[in-house]
Amino acid sequence: MRLERRDETSRLALALAPLLAVAFTLGVASLLVRWAGAPVGRTWSLMFAGAFGSVFALAETLTRATPLMLTGLAAAVAFRARLYNIGAEGQLYAGAIAAVMVGGLHGGASLTVPTALLFAATMAAAALAGALLLLGPALLKSRLGVDEVVTTLLANFIVLLAVSALLDGPMKDPLAMGWPQSVALDPELELGRLIERTRLHTGLLAAIAAAVLLWALLRFTVWGFDIRATGANSRAAAFAGVPVGWTVVRVAALSGGLAGLAGAIEVAGRTGYVTLDMSPGYGYGGIVVAMLAGLHPLGVIAASVFVAGVLVGADSMSRAIGVPTYLADVMVAVALIAVLVAGLFARWRLRWR
Amino acid sequence: MSELLELFELLTSPALWVAVLRIATPLLLGTLGVLLCERAGVLNLGIEGIMVAGAFVGWLAVWLGAPLWGGVAAAALAGAVFGLLHAGLTVGLALSQHVAGLGITLLATALSHYAYRVSFPKVTTPPTITPFAPMDWLPIPVLAAQTPLTLLALLLVPVLAWVLNRTPAGLALRMVGENPQAAQAQGVGVIATRTAAIVAGSALMGVAGAFLTLAAFNAFFFNMVNGRGWICVALVVFASWRPGKALAGAVLFAFFDALQLRLQQADGGGLPHQFYLMLPYLLSILALVLVARRAAYPQALMQPWRKGER
């Protein structure tokens with residue numbers, strides 16, 4: 001038995017692969033639901049209704065999809081260049097805290113600036129914080145050959161502890177009664193609502209715009225070509241004159257910047273301040289989103305809505321019939337592995353001999 | 001002068017070294033597990049989740065009435081099952097070792113948490129078990145305060161070094177990690193050898209997790225592994241993929257961790273406590289940077305291998 005590359009990869013097979021992966025995921029999850037002693041059909045209908053069944057549910061799903069879209073793009077662009085950025089979680093928190101530093105504390109200065117300028121500075125600070133955080137591991141990788149997976153993973157823990165220290169110290173909200181939460185972002189900087197009486201904010205439009213821009217960048221520009229070439233075969237790319245080292249640095253800045261923006265948009269659109277539980281693993285979820293999307297920026301939009309739907313639907317279903325919400329985490333993990341395998345069999349076939 | 005004396009007293013106090021060995025044990029077991037996988041040429045980022053699964057399954061088995069060693073065996077089995085899955089994905093199907101490993105971590109963690117909540121839907125305080133007792137019968141001072149799992153971890157160091165360097169199985173394992181084509185030409189089954197190494201290594205990771213619930217604590221908490229798995233992945237680079245150096249690395253690392261706890265207590269609020277908690281992760285990165293230039297990675301690490309391809 002061995003694997004053999006298919007002579008022709010059909011577009012139909014490539015399109016069907018994620019759907020098959022999702023079907024497999026539902027199968028596995030159904031077994032787990034039965035094990036928990038709940039009726040399978042009702043669980044799924046409750047989950048679907050909880051995620052997409054009403055305007056309110058849909059708005060909640062899209063609200064959750066917004067940060068996942070941005071971290072998904074961060075992972076997609078980095079993985080395209082084979083820079084395995086697993087640190088989006090830390091970059092998101094770094095971006096969030098930088099946003100509050102600029103847009104809440106005004107960098108410690110008490111000057112009045114136009115709102116538009118302050119908003120731009122806030123978002124830029126968040127993107128910069130995320131970018132700088134990934135630049136370290138990217139340089140360690142390209143200069144010293146230190147594996148970026150481990151360094152970015154470890155950086156997540158360091159950032160979270162640093163944020164925790166800031167929330168206890170200089171950025172503590174004096175009105176929070178000892179609850180670990182940061183000073184609030186300037187209310188003028190908060191994003192507008194897309195639908196009245198829901199939490200859905202204009203950050204969603206920004207995330208979709210980022211996806212389209214990233215797609216155009218990868219598809220139509222020289223830089224995009226450099227990224228794709230570096231990822232496909234960095235030695236061949238270097239031989240052909242692609243500045244591989246410089247490309248990796250720019251990809252790191254872009255990827256970290258997107259994850260940092262995710263944090264700032266969460267603060268400006270949803271929470272208004274930073275807490276230590278503001279992200280239920282959006283950084284890691286972004287990796288799954290990127291893989292489900294086949295690292296395609298436009299696919300990230302759909303994949304992030306799917307993952308957010310699973311998370312929101314599971315919350316709502318769990319409140320109704322008590323199947324643990326961790327079902328959502330299992331589904332996301334199974335979907336990741338299943339989509340990897342399905343994608344493989346779209347390009348390769350098994351030969352029994 | 002008095003500070004120096006205090007430091008000397010601290011460094012010679014048995015309590016410190018008892019803590020060092022206790023902290024080092026799960027790191028050592030996990031690092032040896034990663035070492036087995038990587039010497040065979042496969043990165044196993046599933047370790048973080050496999051440790052969660054080992055901690056949960058080991059604890060659950062004992063809670064359901066199994067003896068403590070039965071819990072350890074159950075944890076090893078859970079690790080082996082996830083290892084087999086990882087091997088199927090990365091060796092059998094030659095998928096990306098990075099992504100597959102992360103997938104295993106997410107899956108093992110999520111399944112453990114789901115199973116915990118299904119088994120104990122309403123509990124607020126985690127149910128406890130009676131963990132391993134210290135080996136009071138042992139006449140060696142610091143070791144007598146440890147549980148048998150620490151002894152097991154320490155004994156595994158020479159055993160693994162011997163297996164890797166002095167037996168045909170160890171030679172085969174190293175061959176498939178350095179040059180799978182040559183191994184295949186010598187009649188060594190690359191897929192079978194790599195799979196066996198990953199399954200064995202993952203079983204060790206499961207035991208590393210079980211140490212947390214069966215020896216260090218007496219219950220299962222979410223987030224109890226808390227990045228220890230990733231630290232092991234860094235330690236194995238620091239240890240140049242050698243069991244003896246893995247022991248030295250784990251002990252050195254645990255020493256700084258134990259010292260950090262004591263300095264934090266002695267400091268009394270000068271620095272935020274988070275800075276002390278950061279030290280282990282900062283040290284891991286520092287260790288990677290320090291050895292980066294002379295790190296002799298197994299030559300075929302992270303290179304997928306397909307039969308018949310050159």
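Among contacts in chain A between residues at least 6 apart in sequence, what percentage join residues at least 24 apart? The figure is 78%. The model discussed here is predicted.

## Confidence of the prediction

The predictor assigns the complex an ipTM of 0.92 and a pTM of 0.93. For chain B the average pLDDT is 91, and 98% of the residues score at least 70. Where pLDDT is low, predicted coordinates should not be read in detail.

## Chain A as a whole

Chain A contains 13 helices and 2 strands. Its C-alpha atoms fill a box of roughly 75 × 60 × 30 Å along the principal axes.

## Chain B as a whole

Chain B has 13 helices and 0 strands. Its pattern along the sequence is accordingly written α-α-α-α-α-α-α-α-α-α-α-α-α. The C-alpha trace of chain B spans about 65 × 50 × 40 Å along its principal axes.

A compact globule of 310 residues would have a radius of gyration near 19 Å, and the 20 Å of chain B agrees with this. Buried residues account for 51% of the 310 residues of chain B. Among contacts in chain B with a separation of 6 or more, 78% are between residues 24 or more positions apart.

## Where the chains meet

The two chains touch through 41 residues of chain A and 38 residues of chain B. On the side of chain A that touches chain B, at least two residues each come from strand S1 (2-5), helix H1 (11-35), helix H5 (115-144), helix H6 (148-168), helix H11 (282-292) and helix H13 (326-347). By class, this side of chain A has 33 nonpolar, 5 polar and 3 charged residues.

One residue illustrates the meeting of the chains. A:Leu154 is located in helix H6 of chain A. Is A:Leu154 buried or exposed? A:Leu154 is buried because 27 other C-beta atoms lie within 10 Å, and the cut-off for a buried residue is 20 or more. Apart from its neighbours within four places in sequence, A:Leu154 is in contact with B:Trp230, B:Ala234, B:Tyr281, B:Ser284 and B:Ile285. Within chain A, the C-alpha atoms of A:Leu154 and A:Gly87 are 8.1 Å apart, although these residues are 67 apart in sequence.

## A pair of helices in chain A

Two packed helices are described by the angle between their axes and the distance between the axes. In chain A, helix H7 (residues 203-220) and helix H8 (residues 222-232) pack at an angle of about 80°, and their axes are 5 Å apart. H7(A) and H8(A) are therefore roughly perpendicular to each other, a term that covers angles from 65 to 115 degrees.

Which residues form this contact? From H7(A) come A:Leu217, A:Leu218, A:Arg219 and A:Phe220, which meet A:Trp223, A:Gly224, A:Ile227 and A:Arg228 of H8(A). Classified by type, the contact has 5 nonpolar, 1 polar and 2 charged residues.

## A helix of chain B and its cover

In chain B, helix H8 (residues 168-178) has the buried residues B:Ala172, B:Leu173, B:Arg174, B:Met175, B:Val176 and B:Gly177. Their cover includes helix H2 (14-39), helix H7 (148-166), helix H9 (180-185) and helix H10 (190-216) of chain B.

## Two residues with positive phi

Most residues other than glycine have a negative phi. B:Ala94 is not a glycine, yet has a positive phi of about 55°. B:Ala94 is placed in the loop between helix H4 (68-92) and helix H5 (97-119) of chain B. With 19 other C-beta atoms within 10 Å, B:Ala94 is partly exposed, since a buried residue needs 20 or more.

B:Met302, also a residue other than glycine, has a positive phi near 70°. B:Met302 lies in the segment after helix H13 (273-291) of chain B. Because B:Met302 has 15 C-beta neighbours inside 10 Å, this residue counts as partly exposed.

Key:
Residues are numbered from 1 along each chain as its sequence is written. Chains are lettered from A and ligands numbered from 1 in the order in which they are written. This is a predicted model: local features need pLDDT of at least 70, side-chain atom pairs count only at pLDDT 80 or more; totals for chains, interfaces and linings use all residues. Two residues are in contact if their C-beta atoms, placed from the backbone, lie within 7 Å. Helices (H or I, at least four residues) and strands (E, at least two) are DSSP runs, numbered from the N terminus. Ala, Val, Leu, Ile, Met, Phe, Trp, Tyr, Cys and Pro count as nonpolar, Asp, Glu, Lys and Arg as charged, and the others, Gly among them, as polar. A residue is buried if 20 or more other C-beta atoms lie within 10 Å of its own, exposed if 12 or fewer, and partly exposed in between; C-beta atoms are placed from the backbone. Axes are lines fitted to C-alpha atoms, for helices over the stretch in contact, and angles run from 0 to 180 degrees between N-to-C directions. Angles under 35 degrees count as roughly parallel, over 145 as roughly antiparallel, 65 to 115 as roughly perpendicular and the rest as oblique. pLDDT is the predictor's confidence in each residue, from 0 to 100. The radius of gyration is taken over C-alpha atoms; the globule rule is 2.2 Å times the number of residues to the power 0.38.
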